[in-house]
Structures are given as C-alpha cells and as structure tokens.
Amino acid sequence: MSNLNEWRGIGRLTADIELRYLPNGNAVANFTIAVDDSYKKKDSNEKVEQTEWVRCTAFGKTAEFLANWLHKGKRVLVCGKMKTREYEKDGIKRYVTEIHVGQGTEIIDWPEKDAQRQPKPQQNQPRQQSQPQPAPDYDSFDDDIPFADPYRGARSLLI
C-alpha cells in the first residue's frame, strides 16, 4: 500500500508574510492562514463554526512571489505536504507542524482588475544588478496549445 501526504486548504492570511533569506541566498516565507470549518450537531441541529490556524512555509521563488503579492486578509489556496520539525528552546524540546507549500498553490484574492498590479516592495532581498530585458513577443505564441486550461484564465497561479 502506498502512502499519501497531501494537504489543501483555502484560508485568509492572518498577517503579512515574513520573508527572509538563508545564508546561502535561498528565500523562505513563513505565514499562517485561518481556515474556516463548520458542522451541525446531531442532537440539536445547531451549526458550529470553528477556525483552524495553519502554519505554512514556502521556499525559493514561490516564497518571494507569495510575499510580494499577498498581504494580511487575502485568500489563498495552499497545497503542500504536512511536515513536523523539532527544535529546542530553553532546554525543552518543541514540535511544530506546518505545511510546506508546493505545486498547485493559487492566489484567490488578486489585486483589483482596474488597479495596476504592482508587487509590494521587497525587503531584505540581496541586491542584484539586473539588465533591461526585451519585452516578450506574445503574438508569436501558438493559440493551439493542447494542454492549456480554458477555465483558468490568466489570473491563476500554478506554482
């Protein structure tokens, strides 16, 4: 029998994403989403609502992208794997369970259509000199791409 470690949830960011860089230059983003859930009690048929607070960690370009485009209160679909790590603080072993963000994560609350989509200014990013890039020629792409999903549109994000 095979194993499966897959998690998906839609929630709202509880705070702005914390983006930092490791000594080797890799980006790491930590954030928490609030995922709402509800059920009805069998005995009274009363609706009970509860919120799960899910810690998430993204790495590399995904971390930078999410930190630039998302901020507190925005909705995101997070897909990834559940991981538990151990650390020691004040001589006590502690455990943290979090979702390592992976492929399929999508931003649900993009900036408004009419607003110019500008990412947030990046902080603590290593300085790199970039040279101007030529504008892409979108007219040269073939419109008959066999794997394009017509139901997604240009506003979805697949990481």
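A residue counts as partly exposed when its relative accessible area lies between the buried limit, under 20%, and the exposed limit, over 50%. In this predicted model, Glu18 falls in that middle class, with a relative accessible area of 45%. Its partner in a salt bridge is Arg20, and the closest N and O atoms of the two are 4.0 Å apart. Arg20 is also partly exposed, at 36% relative accessibility.

The structure holds 6 salt bridges. Another of them joins Arg12 to Asp109, with 3.3 Å between the closest N and O atoms. Arg12 belongs to strand β1 (residues 7-13) and Asp109 to the segment after β7, so this pair ties together parts that are 97 residues apart in sequence. Arg12 is partly exposed, with a relative accessible area of 41%, whereas Asp109 is buried, at 18%.

Asp109 also forms a salt bridge with Arg75, where the closest N and O atoms are 3.4 Å apart. This pair again links distant parts of the chain, as Arg75 lies in strand β5 (residues 75-89), 34 residues from Asp109. Arg75 is partly exposed, with a relative accessible area of 30%. Through shared partners, the salt bridges join Arg12, Arg75 and Asp109 into one network.

Helix α1 spans residues 60-69 and is mostly covered, with 7 of its 10 residues buried. The buried residues are Thr62, Ala63, Glu64, Leu66, Ala67, Asn68 and Trp69. Among the elements that cover them are the strands β2 (18-21), β3 (27-40), β4 (47-59), β6 (92-101) and β7 (106-107).

Terms used:
Residues numbered from 1 in each chain as written. Predicted model: local features only at pLDDT ≥ 70, side-chain atom pairs only at ≥ 80, totals over all residues. Heavy atoms only, no water. Buried < 20%, exposed > 50% of the residue type's maximum accessible area, 1.4 Å probe, protein only. Helix = DSSP H or I, 4+ residues; strand = E, 2+ residues; numbered from the N terminus. Contact = heavy atoms within 4.5 Å. Salt bridge = Lys/Arg side-chain N within 4 Å of Asp/Glu carboxyl O.
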